[in-house]
Amino acid sequence: MGKRYFLPKKTLFVIGALLIFLSIVMSGFERKPAFDKGESQRDSVTSVNAFMKVYQVLMSPRCMNCHPSGNVPLQGDDNHLHTMLPQRGKDGKGVYAMKCANCHQPENTPGLHTPPGNPNWHLPPADMKMVFQGKTPHELAKQLVDPKRNGQKNMAKLIEHADDGLVLSGWNPGEGRTLPPMSHDEFKKYWLAWIKNGAYAPAP
Amino acid sequence: MVTLNINNKTYNLEVDAATPLLWVLRDVIGLVGTKYGCGVAQCGACVVHLNGEAVRSCVTKVSRAVGQKVITIEGLSEKNDHPLQKAWLELDVPQCGYCQSGQIMSAAVLLRENKNPTDEDIDAAMAGNICRCGTYLRIRKAIHLAADIQQKTKNG
């Protein structure tokens with residue numbers, strides 16, 4: 001009987017299964033990091049896992065309600081259209097007698113159902129809407145690192161943005177409003193992990 | 001002690017800095033043309049101008065108005081002859097009248113920023129002013145008329 005040069009069927013099956021598994025895992029990540037920080041700091045798995053935590057916060061009402069897909073801000077945990085239908089306006093600060101700061105004071109107004117406040121209360125401007133509503137993790141990650149769609153922010157500016165006053169106000173929303181699903185410290189930890197490991201986008 | 005400029009007049013008042021501007025206007029100074037409606041910035045009855053913007057005085061602390069310029073319905077014009085006031089009279093806009101000073105103060109910002117507003121512009125500007133008598137159609141008509149009056153006054 002001649003010598004057999006073929007691998008046993010069982011071995012072939014295991015190798016095949018491994019290859020399929022690896023291809024599925026690898027397809028879950030964009031190969032190209034959004035920011036080139038050198039090979040040593042790239043870690044697509046850590047980056048994508050961190051972004052999925054970031055995504056939970058960005059899609060929470062405290063963040064998404066001011067990043068609507070239309071030109072009217074949202075309200076409440078059900079993201080309904082803001083009562084009175086205030087318009088975004090060119091600069092994101094409202095129009096005519098319906099400017100954000102007419103009701104939203106520099107600080108939260110006491111009591112339930114009163115306007116939350118911040119000295120810089122506004123929506124993104126009309127020429128840079130930075131929509132969160134309806135975006136998949138892939139779409140939102142891609143948008144956040146694109147200077148043409150993120151307000152001309154480079155990596156340093158994006159890192160700083162975690163401590164922006166309006167971002168922080170999401171954790172001080174006024175009486176009767178739910179908080180984002182994690183603390184700001186945790187959010188910032190994941191935000192930095194996402195960016196510093198390459199700001200990879202999850203698979204589409 | 002706070003110092004306020006209201007309708008181009010200076011007031012030195014012993015009030016808590018956290019007092020809503022509306023309380024100071026009505027109860028301390030006696031300018032009662034501005035109305036209390038909901039108290040939570042939902043209805044627009046309390047609109048006054050703070051540096052020209054249509055703020056809701058029920059949620060605006062008086063401290064925000066210190067050093068700024070406040071105009072109430074009483075100070076909108078010297079002889080009650082603002083184009084909006086003329087149009088309101090001509091078309092007999094109010095029914096009960098409670099919301100009307102807020103309506104006029106909001107409309108004044110619209111007409112300052114948009115000399116010839118469309119129905120859509122008016123709706124966008126006035127959506128925060130509620131009228132329980134439902135005078136909305138007359139309000140809209142009066143704003144168009146006021147825009148005409150304003151234009152003629154400017155040209156005349």
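Predicted model: local features only at pLDDT ≥ 70, side-chain atom pairs only at ≥ 80, totals over all residues.
1. Basis. Local features need pLDDT of at least 70, side-chain atom pairs count only at pLDDT 80 or more, and totals for chains, interfaces and linings use all residues. Residues are numbered from 1 along each chain as its sequence is written, while chains are lettered from A and ligands numbered from 1 in the order in which they are written.

2. Chain contact. Chain B contributes 20 residues and chain A 16 residues, two residues being in contact if their C-beta atoms, placed from the backbone, lie within 7 Å. On the chain B side, β4 (53-56), α4 (100-113) and α5 (119-126) each give two or more residues; helices (H or I, at least four residues) and strands (E, at least two) are DSSP runs, numbered from the N terminus.

3. Strand β3 (residues 47-50) runs antiparallel to β4(B), with four bridges between them; strands pair if DSSP finds at least two bridges. B:H49 has B:A54 as its bridge partner. Two residues separate the strands of this hairpin, and B:N51 in the turn has a positive phi of about 50°.

4. Domains of chain B. The assignment, automatic or from a database, gives domain 1 (2-75) and domain 2 (83-155). In their contact, 13 residues of domain 1 meet 11 residues of domain 2. On the domain 1 side, β3(B) gives the most, with three residues.

5. Helix α5 of chain A. In this helix (residues 137-144), A:L140, A:A141 and A:L144 are buried, that is, 20 or more other C-beta atoms, placed from the backbone, lie within 10 Å of their own. The buried residues fall within an arc of 100° seen down the axis, so they line one face of α5(A); the arc is that of the directions from the helix axis to the C-beta atoms. They pack against α2 (44-58) of chain A.

Methods: Buried ≥ 20, exposed ≤ 12 C-beta atoms within 10 Å, placed from the backbone.
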